[in-house]
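Here is a short briefing to read beside the structure. Keep the view open as you go through the points.

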Amino acid sequence: MNATAPSPGQQLIRMDTINKVFYTDEVETHALSGIQLEVRKGEYVAIAGPSGSGKSTLLSIIGLLDSPSEGEYWLNGSQVANLNINERSRIRNREIGFIFQNFNLIGDLTVYENVELPLTYRGMSGVERKKRVLEALERVGMSHRLKHYPSQLSGGQQQRVAVARALGGSPSIMLADEPTGNLDSRNAENIMELLRELHREGSTICMVTHDPRFARHAERTIHLFDGRVVEETVEVN
Amino acid sequence: METLIQDIRYGLRMLRKSPGFTAVAVITLALGIGANTVTFSSINGMLLRPFIFPQLNRVMAIWETAPKQNIKRASAAAGNLQDWQQQSRSFQYLAASHTWNANMTGAGTPERVEGYQVTADFFRLLGVPAEYGRAITTDDFTSSRVPVVVLSHSFWEQRLGGDRALVGKTLEFDGQARTVVGIMLRDFDFPPGAQAWAPLLLSGAEAADRDNHYLKVIGRLKAGVSPRQAEGDLGAIAARAGLEFPQSNAGHGVRVLSLVEDMAEGSRQFLSVLLGAAIFVLLLACANVANLQLARATGRAKEVALRTALGASRGRIIQQLLAESLLLAALGAGAGLLISSWWLPLLMRTVPPFIIEHVPGLKHIQLDYRALEFTLVLGGLAGLLTGLAPALQVSRPDLNEALKEGVRGGIAAPGRHRLRSLLVISEMALAIVLLVGAGLMVTGFRAIMERDQGFDRDAILTFHIALPAAKYGTTARVRDFYRQLTERLQGLPGVKSAAVANSLPADWYWDSMRVTIEGQGPLLPGEMRLAISELVGPDFFRTLRIPLRQGRLFTSGDGAEAAPVAIISDSLARHYWPAKSPIGKRMRLGDDTKAPWRTVVGVAGDIVRAPLDLQPDPTVYVPFAQQPQGAMAIAIRTSGDPMAVGAAAQTQVQALDRNQPIYDMRTLEQKVSDNMSGVESSARLMTMFGIIGLVLAAAGVYAVMAYLVVQRTHEIGVRMALGATPGHVLRLMVRRAVVLAVVGLAIGLPAALALARVLSSVLFGVVSMDLAVFTGCTFVLALVAGVAGYLPARRASKVDPIVALRYE
């Protein structure tokens with residue numbers, strides 16, 4: 001393996017001693033303990049670990065879908081650990097692009113409308129939205145399927161649309177949660193290639209995966225086990 | 001059969017497993033079915049079986065007509081009835097009745113009896129025997145027989161103690177002894193309200209008279225003869241009479257229609273409207289339950305897929321789901337019957353006793369075997385209606401998808417909820433039609449109650465007195481009695497004024513007479529120039545506050561010896577003296593050419609006699625003192641509660657004649673209100689249906705929205721992950737409810753408009769187009785739908801995106 005130093009960009013994410021505890025029937029479950037994490041702009045980070053290690057919980061906290069029980073979280077220099085629900089929505093909409101394992105496209109909306117959806121929450125003009133949607137779909141090679149519904153697309157195509165939806169808002173970071181989990185190997189490779197391309201073009205990506213083959217696509221891999229960071233490896237190309 | 005029992009057993013288990021769903025569905029269906037059972041029971045009592053006569057469909061009502069004067073229902077003249085009886089080949093029997101109200105003495109307190117004099121074949125025609133003794137027969141019409149009377153069961157039971165030994169004894173009616181020959185069956189009440197029947201004895205001249213139209217004629221058709229054929233037969237006889245007696249009969253015709261149809265005129269329209277509304281309520285209930293079933297069926301897709309995978313055919317699956325649906329409907333029908341058994345007596349309690357006595361079939365309204373059959377059929381239809389769509393939808397599962405642990409995240413085929421949305425749209429459309437219908441009925445009813453009827457009905461006590469001719473044989477005695485009575489009544493504390501009149505507004509009977517106007521030419525052959533003839537005391541106009549338009553009112557100077565005078569109503573003045581003053585002109589009342597010419601001395605405002613009358617009836621008022629008669633009504637204007645002077649008024653009557661009964665004591669307000677009770681009951685029922693409709697529509701919107709929130713929880717999570725705020729989610733969900741409501745209203749409003757047109761023609765004079773009702777109902781329904789949609793939407797906006805994203 002060839003070692004390449006992680007991108008020397010500006011700090012985008014900083015987490016300090018993040019803990020996450022779930023309480024169920026008086027049982028405390030420590031999902032995350034003392035997480036220290038830093039992601040720089042333009043970096044491609046993978047979060048790896050076995051099932052139940054806390055990867056998805058960490059990604060949810062990074063994506064402001066969940067809040068930590070303790071600890072501090074700065075995104076783009078702002079403290080975001082304890083924002084109210086509307087502020088979190090606003091930051092998610094502007095700074096974060098999600099790519100889910102099960103695509104999470106909305107069945108009643110066309111490809112175009114799915115990609116446009118986050119932009120509508122931003123109050124963007126129709127002309128600007130159209131420009132961005134077409135650009136994003138062009139970038140993932142799905143501009144010929146604008147009027148299709150998700151059910152009319154293959155899994156690989158749906159995930160491309162999901163990537164376009166994440167891209168369309170020009171987020172500071174794209175969070176991918178097992179993006180290949182529901183795809184066959186060929187489509188999985190294609191999606192990973194797409195993410196790599198996007199990274200090469202300057203996107204910051206944070207991806208959760210349990211598959212070491214895909215983790216290798218990232219520059220840096222954070223290994224979680226029982227809610228703790230147990231190892232951090234740097235991919236050498 | 002075995003599989004059916006298996007399905008029913010499984011269905012019962014499934015219904016027990018979801019008690020909440022079962023309870024809501026059963027209550028919803030029970031409301032819809034109960035509304036229909038109540039309405040059907042009313043129709044059954046009033047339109048299908050109002051009388052107990054055998055072969056009721058062959059019993060006809062027969063009216064004379066004068067088409068040129070647009071008279072469609074004139075009572076028959078005795079001479080014409082004689083022609084029909086002698087010449088008609090269509091009827092097995094023809095008979096007639098005539099009002100005979102008499103004072104009964106000889107059995108304790110004097111009683112006013114609502115009686116009818118009937119011709120020989122009256123009871124034979126109706127085919128109903130007496131319960132005790134016998135009915136009136138041909139033998140009672142021979143001159144040698146003693147006068148007889150037959151009593152109604154309720155009168156005999158309630159007023160005479162129900163003593164069987166009364167048959168054969170004698171009672172005095174208007175001073176004449178009559179032998180009680182029979183007591184009729186309990187349910188026999190024809191004409192409605194009748195308490196006694198006596199033979200109608202006519203002299204030779206009276207039997208041949210063709211000028212006085214006072215007989216209500218009925219006929220029993222011969223087997224195989226249609227009403228139309230009978231009408232043709234009698235019409236030919238009338239045409240011959242027209243040629244033979246042109247002065248009285250030229251241009252007259254005959255109308256034959258079924259007795260039920262004739263008697264139900266007025267109530268039939270209201271009942272039809274109510275049945276339509278009840279059907280709407282049931283459709284709404286069905287749409288709601290179908291919606292619930294659809295939601296439940298979606299949840300059972302996996303179970304159905306498994307059954308299909310194990311070899312169940314589609315038909316078998318549909319049968320099983322329909323069995324559940326029919327079980328649910330059967331429970332709903334049972335609960336609907338329970339609701340009806342409570343609702344019906346409650347409804348009947350709102351109908352005034354006078355109306356129950358006098359409107360055909362009202363007293364027969366009950367939950368009988370026909371209502372039970374109707375409810376069962378309705379339950380079966382409701383079961384099919386609510387179960388078919390869900391059964392068809394869920395019985396065609398995508399086995400591959402359904403049997404997987406979960407469906408692929410976020411993918412929902414477009415139009416997945418289309419059927420449910422369609423049902424909600426239908427509910428909104430049905431609800432607006434129902435609400436507008438109810439609103440129009442209620443506002444129409446209010447408008448009638450509040451409209452100016454030309455007199456002031458507040459604070460007036462009324463009652464009737466009929467002085468027997470045997471005791472008050474001279475006009476002087478009659479005049480003197482009423483003069484003294486009004487003086488005594490006016491002297492009572494709390495009485496402002498008192499007046500006599502032969503009929504009062506809101507009375508059911510009044511006298512119509514031929515009018516001859518001096519200088520306006522003789523009557524054309526067959527022409528009926530009629531006006532209502534009112535004999536009134538000098539204080540009549542002041543007591544009823546009927547305004548004077550021209551001339552003067554009657555005074556005590558308009559006595560027996562004074563020049564004959566008359567006051568005419570505005571409409572009569574306009575009709576005969578358009579653009580001229582009628583004051584000083586002369587007219588004659590009645591057929592007697594020797595009757596005096598009366599000089600018109602005043603013109604009074606028009607009055608509306610029956611609340612639903614659109615046009616006032618032309619009326620001629622004559623001073624009572626100039627033409628006294630024994631049967632009169634008394635009106636007393638009081639300063640306080642009119643009923644408070646009732647006892648004192650009765651004491652004054654008895655002080656003048658202790659054997660003289662008074663009857664029908666009610667306030668004028670009560671009389672008007674009683675006359676409106678049919679419309680009021682209909683309006684009340686429609687309001688009830690409207691409220692049920694509103695609640696069901698709201699429940700429908702709520703259920704669909706709540707279901708959508710559950711179905712779209714994952715989607716909501718995705719949206720929130722993409723940056724949607726709670727506000728965005730709230731708007732998204734509310735928008736859905738609003739769209740459904742708006743589409744429903746857009747479909748329903750034109751239908752409501754069409755319904756309003758139908759209502760205003762069917763219930764002419766009650767319902768009219770009212771923009772405020774349309775606007776108000778639309779606003780209320782939209783508001784209710786908005787709130788029903790908002791509540792689940794608010795819950796959706798509070799969804800935790802993490803939880804939602806995990807939700808499948």
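Domain bounds here come from an automatic or database domain assignment. The model is predicted. On that basis, chain B has domain 1 (1–50 + 276–408), domain 2 (56–263), domain 3 (418–451 + 676–808) and domain 4 (468–659).

**Domains 1 and 2 of chain B**
- The centres of domain 1 of chain B and domain 2 of chain B are 48 Å apart, taken over C-alpha atoms.
- Six residues of domain 1 of chain B are in contact with four residues of domain 2 of chain B.
- On the domain 1 side of this contact, four residues are nonpolar, one is polar and one is charged.

**Where chain B touches chain A**
- Chain B gives 19 residues to the contact, and chain A gives 23 residues.
- On the chain B side, the elements with two or more residues are helix H23 (713–721), helix H24 (726–762) and helix H26 (801–806).
- H23(B) provides the largest share of that side, with four residues.
- The chain B side has 12 nonpolar, five polar and two charged residues.

**Strand S16 of chain B and its partners**
- Strand S16 (residues 530–536) of chain B is mostly covered, with six of its seven residues buried.
- Strand S15 (residues 511–517) of chain B runs antiparallel to S16(B), and four bridges join them.
- In this pairing, B:Asp511 stands opposite B:Ser533 in S16(B).
- Strand S21 (residues 619–623) of chain B runs parallel to S16(B), and five bridges join them.
- Here B:Glu534 stands opposite B:Tyr621 in S21(B).

Terms used: Residues are numbered from 1 along each chain as its sequence is written. Chains are lettered from A and ligands numbered from 1 in the order in which they are written. This is a predicted model: local features need pLDDT of at least 70, side-chain atom pairs count only at pLDDT 80 or more; totals for chains, interfaces and linings use all residues. Two residues are in contact if their C-beta atoms, placed from the backbone, lie within 7 Å. Ala, Val, Leu, Ile, Met, Phe, Trp, Tyr, Cys and Pro count as nonpolar, Asp, Glu, Lys and Arg as charged, and the others, Gly among them, as polar. A residue is buried if 20 or more other C-beta atoms lie within 10 Å of its own, exposed if 12 or fewer, and partly exposed in between; C-beta atoms are placed from the backbone. Two strands pair if DSSP finds at least two bridges between them.
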